[in-house]
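Here is a short briefing for a first look. Start with the display below, then take the points topic by topic.

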Amino acid sequence: MPSPVPIRRGAVAVLLACALLLTTAACGGDDESASGTASPSGTVEQQRLAKTRFVANAGLAAGATYQWIIKPYREGKFKKGADGQKFALVKAGLAGAFAYNRLKAAVNNAKGDELLSKAVAPLTAGIEKLKDLGTKLRKGEASEADVGTFEDVINDVKDAGRSAGAVVTDKVPSTSQLGG
């Protein structure tokens with residue numbers, strides 16, 4: 001009588017191979033070209049999805065910025081000796097990194113829509129300025145000008161979206177989304 005162990009191993013191997021095949025197939029297709037940027041000359045559906053994704057990513061960036069950076073800063077939670085200062089600074093640092101990441105994704109999404117792409121293109125330099133502000137916030141080294149920079153960039157992205165017919169509304173991410 002054959003041993004059941006080799007049959008189980010074979011079944012597990014087949015299941016793992018199928019799972020691997022399905023996950024790679026699911027991850028392989030997207031609406032971006034081989035260069036990693038979406039084509040503004042894509043289908044109407046791709047352009048609509050580009051605008052929708054832009055709104056979602058920009059909204060999350062705006063919500064995180066206002067909820068965990070601008071609002072606590074205005075309430076004085078970042079000041080030395082303030083109640084919960086360290087926790088507020090850590091959350092602000094995470095929110096800064098999250099907002100930068102979502103803004104970069106929004107700019108990438110905007111490339112799928114010709115009008116939106118033109119509206120957002122001048123903002124890439126401002127978004128790049130945010131790259132290291134998350135670390136400054138987390139360390140408690142951010143100034144009022146740094147917080148103002150976040151607010152200005154978010155407002156510029158919202159205005160660019162509005163001018164291209166993609167109205168961005170704040171969507172506050174959960175704290176678990178901030179941590180990745």
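Is A62 buried or exposed? A62 counts as buried, because its relative accessibility is 0%. The model shown here is predicted. The protein has eight helices and zero strands.

**Overall build**
- From the N terminus on, the elements run α-α-α-α-α-α-α-α.
- The protein has 180 residues, and buried residues make up 34% of them.
- Take the contacts between residues at least 6 apart in sequence: 77% of these join residues at least 24 apart.
- The accessible surface comes to about 10600 Å². Carbon and sulfur atoms account for 59% of that surface.

**The nonpolar core**
- In soluble globular proteins, nonpolar side chains tend to be buried together.
- Here, the largest nonpolar core has 40 residues. F54, L103 and V157 have the most contacts inside this core.
- The elements that give two or more residues to this core are α2, α3, α4, α6 and α7. Among them, α4 covers residues 114-120, α6 covers 133-139 and α7 covers 144-163.
- What does V157 touch, leaving aside residues up to four places away in sequence? The list is F54, A58, L103, L123 and I127.

**A62, in helix α2**
- A62 is found in helix α2.
- A62 touches I154, K158 and D170, not counting residues up to four places away in sequence.
- A62 and T169 are 107 residues apart along the chain. Their C-alpha atoms are separated by 7.7 Å.

- D146 has its place in helix α7. Its relative accessible area is 13%, so D146 is buried; the cut-off is under 20%.
- D146 touches L133, K136 and E141, again not counting residues up to four places away in sequence.
- E151 also lies in helix α7. Why does E151 count as buried? The reason is that its relative accessible area is 19%, and buried means under 20%.
- With residues up to four places away in sequence left out, E151 touches Y66, I70 and R74.

**Q177, in helix α8**
- Q177 lies in helix α8, which covers residues 175-178.
- Q177 is partly exposed, because its relative accessible area of 41% falls between the cut-offs of 20% and 50%.
- The C-alpha atoms of Q177 and L94 are separated by 9.6 Å. Along the chain, Q177 and L94 are 83 residues apart.

**The largest pocket**
- Rolling a probe the size of a water molecule over the atoms shows where empty space is left.
- The largest pocket has a volume of about 150 Å³.
- Its lining is made up of Q67, W68, K71, P72, E75, K77, D83, G84, F87, A88 and K91.
- Which elements give two or more residues to this lining? They are α2, residues 44-74, and α3, residues 85-110.
- Helix α2 supplies the largest share of the lining, four residues.
- By class, the lining has five charged, four nonpolar and two polar residues.

How values were computed: Residues numbered from 1 in each chain as written. Predicted model: local features only at pLDDT ≥ 70, side-chain atom pairs only at ≥ 80, totals over all residues. Heavy atoms only, no water. 1 Å grid on protein atoms, 1.4 Å probe; cavity = no way out; pocket = protein on both sides within 12 Å on 5 of 7 lines; lining within 4 Å. Points joined across faces, edges and corners; volume = space filled by probe spheres on them. Nonpolar A, V, L, I, M, F, W, Y, C, P; charged D, E, K, R; others polar. Core = buried A, V, L, I, M, F, W, Y, C linked by side-chain atoms within 4.5 Å. Buried < 20%, exposed > 50% of the residue type's maximum accessible area, 1.4 Å probe, protein only. Contact = heavy atoms within 4.5 Å. Areas by Shrake-Rupley, 256 points an atom, 1.4 Å probe, with all protein chains shown as cover.
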